Structure formats: structure tokens, C-alpha cells
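Hi there,

Here is the structure I promised to pass on to you. Have a look at it first, and then read my notes below.

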Amino acid sequence: MSAVFSSTEPYDHGMLDTGDGNLVYWEVRGNPAAKPVLIVHGGPGAGSPTGTPKSFDPERFWIILFDQRGCGRSTPNASDPATDMSLNTSQHLLRDMEQLREHLGVEKWLIFGGSWGSGLSIAYAEHHPERVSALVLPAFWTMSRAEVDWLYRGGVARIFPGEWEQFRNGVPEGSGGGDLVAAYAELMEHPDPEVRAQAAVDWSTWEDVVVSLEPNGRPSPYRNRSTEALQAFVRICAHYASHAGWWEDGELLRGAERLAGIPGVIVHGRQDLSCPLSTAWEFARAWPDAELVTIDDSGHRGSPAFGEALNAAMERFSK
């Protein structure tokens with residue numbers, strides 16, 4: 001499978017009123033009479049793609065996208081320091097997804113979630129298994145404490161010691177109660193816009209370093225955003241990472257048995273330094289109906305072979 005589908009324009013969109021001051025942007029593309037698929041973007045705080053992903057045949061899927069709270073076209077935007085981040089947690093996002101399903105009149109949908117979006121998709125499926133027909137999860141990451149420690153508290157730093165030192169030196173000594181992730185979350189709440197801007201650059205520079213060895217990546221995928229989008233991304237990401245996604249330690253893995261009967265495909269790159277393969281492998285063993293597809297030439301950003309595996313999964317679940 002190597003089919004490529006051109007982008008289609010949304011034929012409907014709107015702002016979902018969550019009832020607490022947040023408006024969540026959504027749009028629909030493709031064929032409304034076809035199988036519904038919800039795209040759950042990563043980050044957290046990255047925003048949804050601006051076109052139809054090429055693994056999705058617009059004739060065979062009703063494609064639903066949304067921007068999670070605080071990012072993309074949802075309002076208020078997290079780049080605004082006045083935005084209340086206490087209203088932006090995993091539990092809020094899960095409620096938003098279920099409210100969107102009800103708003104659009106979807107009985108059951110296929111969920112496609114990558115990176116952070118895979119963990120959020122798993123959490124939704126564990127809470128609402130009767131609403132999920134299948135799961136396709138590229139670049140698997142659940143934001144467990146161990147995963148956050150690996151990425152932001154010194155694990156992968158062993159491969160990039162100089163760049164890690166720069167990342168670590170971006171926060172004042174002793175801030176965040178001595179925790180680097182919490183310190184960055186504090187900096188993103190700082191009243192001085194220059195402090196927030198520098199923290200966003202430092203955090204995203206580290207993210208770019210971790211994926212810099214990938215053979216199929218593009219330069220500066222995290223920093224290459226508008227100032228507003230970058231600050232929203234980093235503020236949300238640090239906010240979530242400092243709370244380990246608001247999951248109890250091991251919560252999603254322990255809940256994998258609730259996915260019994262829901263087929264799924266996890267596609268993961270063996271060279272993914274951001275999200276080590278071990279998490280995907282362990283979760284696939286605990287999930288009764290999961291298939292893990294490991295792509296040897298791919299990291300977090302994918303590869304042609306990675307794309308072909310996603311195409312095959314979407315073909316499988318289009319029927």
C-alpha cells in the first residue's frame with residue numbers, strides 16, 4: 001500500500017461551546033455517508049493538521065478534526081497569559097471529545113491519534129469503549145511518568161549532553177521545586193513576555209534536538225511555528241508534562257484490558273528517541289486486539305515505510 005490521497009477542503013466547521021469559556025474548533029471533510037474517523041492531534045498543544053492526511057481516502061472516510069483546548073483555532077489561546085490553564089487537563093479533553101461526538105451525531109468512530117494523541121485516544125477508548133470501532137496509533141506515547149522522565153528529565157540527555165545542558169540552564173536554579181519540567185511550566189506563566197518567549201524557544205529547541213538524528217525528519221519541526229503557536233504549544237506541553245498527563249502512574253496500561261474487542265494498529269519507529277519503542281511494545285502485549293508494526297528506518301517523524309503501514313491500517317479499517 002502506497003496510495004496518496006490529495007487534501008480536500010472542509011465542508012463544515014464550527015466552535016464547540018464546552019460551557020466553561022472554552023470554544024473548541026472542529027471541522028469535517030470527506031464523505032459524510034462513509035465511516036467516521038476522528039483525528040486526535042499530538043503535542044499536546046500542536047493543533048490539528050490543516051489538510052486531509054494522506055492516509056485517509058476522502059471517499060471512504062468521514063474525517064473529523066478538532067483543535068484541543070488552548071491551541072490551533074480553539075479559544076482562548078494558551079499563548080495569552082490570561083488563559084486559565086486549570087481548565088485544560090486530560091479530563092477536560094476527554095469530555096470535549098465525547099461532547100463533539102454527540103454534537104455531530106456519531107454513534108461510533110475510528111480514532112486516529114499520533115504521539116500525545118495516541119495516549120489521549122487510548123484514554124478515550126478506555127472510558128468509552130462502546131463508542132470506538134478501531135484505533136490507529138502512530139508514534140505511540142502515553143505521557144507516563146517514565147516517558148516524561150526519559151524525554152524531559154535526563155534520560156535521552158545521555159545522547160545529547162551538550163544540548164541537554166543548554167536546556168537545563170534555561171531555567172533559574174531551584175525553580176519548579178527543583179523539577180525541570182515544572183520549572184519550564186512556571187516560566188510559561190511568567191508575567192514578562194520576553195521570559196515566556198525565551199522559555200518557549202529553549203523548550204522547542206530541545207524537542208528539535210531529540211529528533212535531529214532521524215533520517216527522514218525535517219529541520220526544526222517544533223520551533224518552526226508562529227510565535228503564538230509556539231508559545232501555546234510549549235505552555236500546554238509543559239503544563240501537561242509537569243502533571244504526567246493527569247494519569248495515575250500506569251493507569252492507561254492497567255486499563256488496556258478494557259480495549260478487548262476493539263481492534264487497533266500501533267505503528268512505531270524503532271529510531272524514535274522521543275518515544276522509545278518499549279512503551280508501544282509493552283502496551284501492545286497488554287491490549288488483546290492490538291497489532292504492533294515496527295518500522296526500522298523511522299523515528300518520531302515517520303518515513304515512507306511508516307506511511308505505507310498507516311495506509312495499510314486505514315485500508316484495513318475502511319471496510
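**What I found around the core**

Leaving aside its neighbours within four places in sequence, Tyr 152 is in contact (heavy atoms within 4.5 Å) with Trp 141, Trp 164, Phe 167, Leu 180, Val 181, Trp 203, Trp 206, Glu 207, Cys 237 and Ala 241. Before going on, a word on the source: this is a predicted model, in which local features need pLDDT of at least 70 and side-chain atom pairs count only at pLDDT 80 or more, while totals for chains, interfaces and linings use all residues. Residues are numbered from 1 along each chain as its sequence is written, and side-chain values use heavy atoms, with hydrogens and water left out.

Tyr 152 and Trp 206 have the most contacts inside the largest nonpolar core, which has 77 residues. A nonpolar core is a set of buried Ala, Val, Leu, Ile, Met, Phe, Trp, Tyr and Cys residues joined through side-chain atoms within 4.5 Å. Buried means under 20% relative accessible area, exposed over 50%, and partly exposed in between (1.4 Å probe, protein chains only). Helix α7 (residues 227-241) gives the most to this core, with nine residues. Helices (H or I, at least four residues) and strands (E, at least two) are DSSP runs, numbered from the N terminus. There is also a second, separate core of 19 residues, including Ile 39, Phe 56, Val 267 and Ala 309.

Val 181, one of the contacts of Tyr 152, lies in helix α5 (residues 180-187). Its relative accessible area is 1%, so Val 181 is buried. Val 181 and Trp 203 are 22 residues apart in sequence, and their C-alpha atoms are 9.6 Å apart in space. How many of the eight residues of α5 are buried? Seven are, so the helix is mostly covered. The buried residues of α5 pack against α3 (145-152), α4 (161-168), α6 (193-210) and α7.

In α7 you will find Arg 235, which counts as buried because its relative accessibility is 3%. Not counting residues up to four places away in sequence, Arg 235 touches Ala 78, Asp 80, Pro 81, Thr 83, Met 85, Met 188 and Glu 189.

**Two crossing helices**

The axes of α1 (residues 90-104) and α2 (residues 116-127) come within 10 Å and cross at roughly 65°. Axes here are lines fitted to C-alpha atoms, for helices over the stretch in contact, with angles from 0 to 180 degrees between N-to-C directions. That makes α1 roughly perpendicular to α2 (under 35 degrees is roughly parallel, over 145 roughly antiparallel, 65 to 115 roughly perpendicular and the rest oblique). On the α1 side, the residues that meet α2 include Leu 93, Leu 94 and Met 97, and their partners include Trp 116, Leu 120 and Tyr 124.

**Backbone details**

Most residues other than glycine have a negative phi, and most peptide bonds are trans. Which bonds are cis here? One joins Gly 43 and Pro 44, with omega about -5°, and another runs from Thr 75 to Pro 76, with omega near -5°. Pro 44 lies in the loop between β3 (35-40) and β4 (61-66), and Pro 76 in the loop between β4 and α1. Ser 115 has a positive phi near 60°, and Ala 244 has a positive phi of about 50°.

Enjoy exploring!
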